Each structure stands twice: as C-alpha cells, then as structure tokens.
Amino acid sequence: MRKNFGILTTNGVAITGKELDKIPQNVLEKDIMKYSVFARVSPEHKVRIVKAFRAVR
C-alpha cells in the first residue's frame, strides 16, 4: 500500500539509490539542491549525499 506523506514539495525531486548510483559525484554536487527526497538509499549513498551537500557550502 502506497501512502502520500506530503514530503515531496511541488518543485522537489525524489531520487532512489538505484538512480543515485548512475550519477557521478561531481554532477550530484552540482544538482544536490534540486532533490528533496532520497528513497531506498544505503549508508554509502548517504555518505555521498552528505559530501554533496557539504560541497555546496
């Protein structure tokens, strides 16, 4: 059963771990702010996500 939790904003984009695997780190760092939901990600994906957010600062 799927439920809508209202966490994806109108302009936000959701990305899965499988999709994240296909994105090079430099591209992720450039585009990280467009993603608002990270679904089915592994601990390794989370490290990449954090690094990308830190690169924006």
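Tutor: We start with contact, which means heavy atoms within 4.5 Å. By that rule, and not counting residues up to four places away in sequence, Leu20 touches Ile15, Leu28, Val41, His45, Arg48 and Ile49.

Student: What kind of model is this, and how are residues numbered?
Tutor: This is a predicted model, in which local features need pLDDT of at least 70 and side-chain atom pairs count only at pLDDT 80 or more, while totals for chains, interfaces and linings use all residues. Residues are numbered from 1 along each chain as its sequence is written, and side-chain values use heavy atoms, with hydrogens and water left out.

Student: How many helices and strands does the protein chain have, and in what order do they run?
Tutor: The chain has three helices and two strands, and from the N terminus the order is β-α-α-β-α. Helices (H or I, at least four residues) and strands (E, at least two) are DSSP runs, numbered from the N terminus. The C-alpha trace spans about 35 × 20 × 15 Å along its principal axes.

Student: Why is Tyr35 called buried?
Tutor: Buried means under 20% relative accessible area, exposed over 50%, and partly exposed in between (1.4 Å probe, protein chains only). Tyr35 has 11% relative accessibility, so Tyr35 counts as buried. Buried residues make up 25% of the 57 residues in the chain.

Student: Which residues make up the largest nonpolar core?
Tutor: Eight residues do: Ile15, Leu20, Ile23, Leu28, Ile32, Tyr35, Ile49 and Ala52. A nonpolar core is a set of buried Ala, Val, Leu, Ile, Met, Phe, Trp, Tyr and Cys residues joined through side-chain atoms within 4.5 Å. In soluble globular proteins, nonpolar side chains tend to be buried together.

Student: What makes the pair of Tyr35 and Phe38 tilted?
Tutor: The structure holds two aromatic pairs. In the pair of Tyr35 and Phe38, the ring centres are 6.2 Å apart and the planes are at 55°, so the pair is tilted. The rule is that rings of Phe, Tyr and Trp (its six-membered ring) pair if their centres lie within 6.5 Å; planes under 30 degrees apart count as stacked, over 60 as edge-to-face and the rest as tilted. Phe38 has a relative accessible area of 25% and is therefore partly exposed.

Student: Why is the pair of Phe38 and Phe53 called edge-to-face?
Tutor: The planes of Phe38 and Phe53 are 75° apart, with 6.4 Å from centre to centre; the angle is over 60 and the pair is therefore edge-to-face. This pair links distant parts of the chain, with Phe38 in strand β2 (residues 35–39) and Phe53 in helix α3, 15 residues apart. Tyr35, Phe38 and Phe53 form one aromatic cluster.

Student: Which residues make the nonpolar surface patch?
Tutor: Met33, Phe53 and Val56 make a patch of about 280 Å². Patches are made of residues with over 30% relative accessible area and no salt bridge: like charges are joined within 9 Å, nonpolar side chains (Val, Leu, Ile, Met, Phe, Trp, Tyr) within 5 Å. Phe53, with a relative accessible area of 32%, is partly exposed. Val56 counts as partly exposed at 41% relative accessibility.

Student: Where is Val56, and which residues does Val56 touch?
Tutor: Val56 is in helix α3 (residues 43–56). Not counting residues up to four places away in sequence, Val56 touches Glu29, Ile32 and Met33.

Student: How do you know that Asp31 and Lys30 form a salt bridge?
Tutor: A salt bridge is a side-chain nitrogen of Lys or Arg within 4 Å of a carboxyl oxygen of Asp or Glu. The N to O distance between Lys30 and Asp31 is 3.4 Å, so the pair qualifies. A search of the whole structure finds one salt bridge. Lys30 counts as exposed because its relative accessibility is 63%.

Student: What makes Arg40 exposed, and where does Arg40 lie?
Tutor: Arg40 has 78% relative accessibility and so counts as exposed. Arg40 lies in the loop between β2 and α3 and has a positive phi of about 50° although it is not a glycine.

Methods. Accessible areas come from the Shrake-Rupley method with a 1.4 Å probe; for residues, only the protein chains shown count as cover.
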